[in-house]
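The sequence and structure are shown first.

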Amino acid sequence: MKITGTHICYYFHCHRHLWLFAHSINMEHTNDIVAMGKFISESTYEREKHEIHITDDEDDIVLDFYDSKTKTIHEVKKSDKMEETHVWQVKFYIYVLEKMGIDNVRGEINYPKLKQKAEVTLTESDRKKLKEIREEVKKIAELNVPPVVINKPFCKQCAYYELCYV
Ligand code: SF4
């Protein structure tokens, strides 16, 4: 299984969501865009002409835009709040580029609604943590049954709400 930015997002969001996604259980018809969570729809804002698809045997990422002169990954979120998940998604992208031999990469997350931006760098402890997270993502995806529900307020906006609670 190749790890994507979406897997990393769901890992931080909800392990059950990650499992359902990894098993291609799609409930979008029940709740449409709000479905996969405002969460992910907000994570994929304006992925258009400049997006770059990078893949190897283990990982598969799509960058909104990469400035090769400044070695900067640009990610745009239309979210109205900054989230740790966004930072880890970009850290994962930097990790994958490093793995492919591109050093000194940094990231920048732009929040047009907030008129703010967040700088992202990768530390040695992030590299260690990402290695662990990638293994955990695989372990969760390989479980025979999905992890338990998490009972969070945002569950009501999740595409899997009915499957989880009704
Ligand atoms: S409804 Fe809640 S528990 Fe179920 S997948 Fe969505 S976020 Fe996870």
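Strand 2 and strand 3 (residues 59-63) run antiparallel and are joined by four bridges. Helices (H or I, at least four residues) and strands (E, at least two) are DSSP runs, numbered from the N terminus, and two strands pair if DSSP finds at least two bridges between them. The model is a predicted one: local features need pLDDT of at least 70 and side-chain atom pairs count only at pLDDT 80 or more, whereas totals for chains, interfaces and linings use all residues. Residues are numbered from 1 along each chain as its sequence is written, and side-chain values use heavy atoms, with hydrogens and water left out.

A hairpin of three residues links strand 2 to strand 3. Within this pair, His53 has Val62 of strand 3 as its bridge partner, and Thr55 stands opposite Asp60 in strand 3. The open sheet to which they belong has three strands in the order 1-3-2, with mixed pairing. Strand 1 (3-4) and strand 2 (52-55) are at the edges, each with a single partner strand, so one side of each has no neighbour in the sheet. Helix 5 packs on this sheet and touches strand 1, strand 2 and strand 3; its direction makes about 115° with that of strand 3. Contact here means heavy atoms within 4.5 Å.

Three bridges connect strand 4 with strand 5 (residues 72-76) in an antiparallel arrangement, and Asp67 stands opposite Thr72 in strand 5.

Strand 6 and strand 7 pair in the antiparallel sense over five bridges, and Tyr111 has Gln116 of strand 7 as its bridge partner. Their hairpin has four residues between the strands, and Lys115 in it takes a positive phi near 55°.

## Helix 1 against helix 5

Helix 1 (residues 5-13) and helix 5 (residues 84-99) pack at an angle of about 145°, with their axes 9 Å apart. Axes are lines fitted to C-alpha atoms, for helices over the stretch in contact, and angles run from 0 to 180 degrees between N-to-C directions. The crossing is right-handed, a term that applies if the near helix is turned clockwise from the far one by less than a right angle.

From helix 1, Gly5, Ile8, Cys9 and Phe12 meet Glu84, Thr85, Trp88, Gln89, Phe92 and Tyr93 of helix 5. These contact residues divide into six nonpolar, three polar and one charged. Ala, Val, Leu, Ile, Met, Phe, Trp, Tyr, Cys and Pro count as nonpolar, Asp, Glu, Lys and Arg as charged, and the others, Gly among them, as polar.

A cavity is a set of points, on a 1 Å grid over the protein atoms alone, where a 1.4 Å probe fits but cannot get out; lining residues have an atom within 4 Å of a point.

Of the 14 lining residues, Cys14, Cys155, Cys158, Tyr160 and Cys164 are the closest to the cavity centre. Helix 2 (15-22) and helix 7 (161-165) are the elements that give two or more residues to the lining. By class, the lining has 11 nonpolar, two polar and one charged residues.

Notes:
On a 1 Å grid over the protein atoms alone, a cavity is a set of points where a 1.4 Å probe fits but cannot get out, and a pocket is an open set with protein on both sides within 12 Å along at least five of seven lines; lining residues have an atom within 4 Å of a point.
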